[in-house]
Amino acid sequence: MLSYHQARETVISRISAIPRTPETEVVPLREALHRILAQDIVSDRDYPPFHRSIRDGYAVRSADTHAGAQLKCIGELKAGDPPTISVAPGTCVQIMTGAPLPDGADAVIMIEHTQRNADTITLDRAIKPDQHVVHRGSEQAAGKTVLSAGTRIGFAELAAAAQVGAANPLVNRKPRVAILTTGDEIVDFAATPGPYQIRNSNSVSLAAQVSLAGGEPIILGNAKDSLEDLHAKIAAGLGSDVLVLSGGVSMGKYDLVEPVIKEFGAEMIFDAVAIRPGKPVVFAICQGTFETQAKPVFGLPGNPVSAMVTFELFVRPAIDILSGTDPRSLPLIEAVLTQRLSEKPGLTHFLPAILECGSPAAAFATSDTPPSQQREPRSRTANPPPAPESPRVSPIPWQGSGDVVAMAHANCLLVVPPDRETIEAGERVQVLPRGL
Ligand code: AMP
Ligand code: MG
């Protein structure tokens, strides 16, 4: 059976090998968050566009400055003003943060280092040339690339694009990810379930995971555990760029997803990975014709935590590639285990857990409140900060892969490697922080 690393690598190599013609679209900058740039963004002007003061103070000739020097203030410049005044020897100009440095001046002395008496400014120190001045074009020269094609746009990238006037960037189209849940017992989450029915939580969590990963969720609803209904709904799902199913991939008599995917000529690439939760996860590719593109299909187990974990491990890198960017690596970090663990060997376990990050988290801890519910520091008084310590991770009690409430209270998954039956308190383990 494949390890989760091998299964991820398989997904990445097989999806990267599907020939694709990237589709692009122009979007208003405000809607470009998390999109992938399809074109370089180039600076339309030098930035800063003028020699900019970065302090409130006085624009001076540095050669004039020494402790006790007296300069005559001959005017004032605020941000947005053109620098029409010129600083001659023995003079200065009051200047605000963001204003252009006037001719003659080569530095700014902070207001805190001066005293004013009418028009006479007395300095308490000497300053060097260029002090508190950022030169024109020193952050970004006109015509230079600010953000390259393939960049994922976050809030800082939005600001960089806004600064150079890229109001309508060209981005890759989001991959359309069809979501189909399965199960005779499943009802819409807004419906009142019968005594043995289950609300459809996977449909909403998977759609959220697709959005967070940068895809466009297409919610197909729920298929009954019948060959006919599955066939019809899977056919519809194959119209999207990827199809993600939940449920119906285990060994039960009514687990029919695999045989129905095969009816579409799918190549089954794997149907089990050595993990818990999520072992029966399926990855297949429906081969394309000259009219249609090859379509990746993921059959995730129906248990809600299994569906979440297998999505993060296997579907997320697929969405990255189909978005036109490199797959993001798993953000694994190391932490110290707080209690002994014992799990079945041979599988990599992903356990809902609470990660506390060293001393800042310790300052938030109270003895009787579980870490997930701690919001406010115990006190803001001047206790000396504790010595830095490693992040610590504690598994939280859970009932297995159906226990979505435990997952909702966790902030990470603790990774137990397959070659360890027990791990002692104090040992270092890997942790996968949970996205929100
Ligand atoms: P399955 O993988 O179809 O055998 O389902 C495993 C378990 O997950 C069963 O207890 C199902 O009722 C539950 N389950 C399946 N699909 C969903 C869903 N969409 N939302 C919530 N629970 C589900
Ligand atoms: Mg089922």
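## The loop at P129

Modeller: P129 lies in the loop between strand 9 (120–123) and strand 10 (133–134). Helices (H or I, at least four residues) and strands (E, at least two) are DSSP runs, numbered from the N terminus. This is a predicted model: local features need pLDDT of at least 70, side-chain atom pairs count only at pLDDT 80 or more, and totals for chains, interfaces and linings use all residues. Residues are numbered from 1 along each chain as its sequence is written, chains are lettered from A and ligands numbered from 1 in the order in which they are written, and side-chain values use heavy atoms, with hydrogens and water left out.

Biologist: Is P129 buried or exposed?

Modeller: Buried means under 20% relative accessible area, exposed over 50%, partly exposed in between (1.4 Å probe, protein chains only). P129 has a relative accessible area of 53%, so P129 is exposed.

Biologist: Which residues does P129 touch, not counting residues up to four places away in sequence?

Modeller: Contact means heavy atoms within 4.5 Å. Not counting residues up to four places away in sequence, P129 touches S62, D106 and A107.

Biologist: H132 is in the loop between strand 9 and strand 10. What is the phi of H132?

Modeller: H132 has a relative accessible area of 17%, so H132 is buried. H132 is a residue other than glycine, yet its phi is positive, near 60 degrees.

## Ligand 1

Biologist: Where does ligand 1 sit?

Modeller: On a 1 Å grid over the protein atoms alone, a pocket is an open set of points where a 1.4 Å probe fits, with protein on both sides within 12 Å along at least five of seven lines. A molecule sits in one if more than half of its atoms lie within 2 Å of its grid points. Ligand 1 sits in the second largest pocket.

Biologist: Which elements give two or more residues to the shell around ligand 1?

Modeller: A residue is near a molecule if one of its heavy atoms lies within 4 Å of it. 16 residues surround ligand 1, and E185, N200, S201, G248 and G302 are the closest. The elements giving two or more residues to the shell are strand 13 (176–182), strand 15 (198–199) and helix 3 (201–213).

Biologist: How far is a polar side-chain atom of N200 from a nitrogen atom of ligand 1?

Modeller: The cut-off for a polar contact is a pair of N or O atoms within 3.5 Å. A backbone N or O atom of S201 lies 3.2 Å from a nitrogen atom of ligand 1. For the polar side-chain atom of N200, the distance to a nitrogen atom of ligand 1 is 2.8 Å.

Biologist: What share of the accessible area of ligand 1 does the protein cover?

Modeller: A backbone N or O atom of N303 lies 3.2 Å from an oxygen atom of ligand 1. Areas come from the Shrake-Rupley method with a 1.4 Å probe. Of the 490 Å² that ligand 1 has on its own, the protein covers 78%.

## Other sites

Biologist: Which residue is joined to P48 by a cis peptide bond?

Modeller: P48 is in the loop between strand 2 (41–42) and strand 3 (52–53). Omega of the cis bond is about -5 degrees, and the partner of P48 is Y47.

Biologist: Is Q209 buried or exposed?

Modeller: Q209 is found in helix 3. Leaving aside neighbours within four places in sequence, Q209 is in contact with A307, M308, F311 and E312. The relative accessible area of Q209 is 10%, so Q209 is buried.

Terms used. Polar contact = N/O pair within 3.5 Å; in protein donor to acceptor, adjacent residues only side chain to side chain. 1 Å grid on protein atoms, 1.4 Å probe; cavity = no way out; pocket = protein on both sides within 12 Å on 5 of 7 lines; lining within 4 Å.
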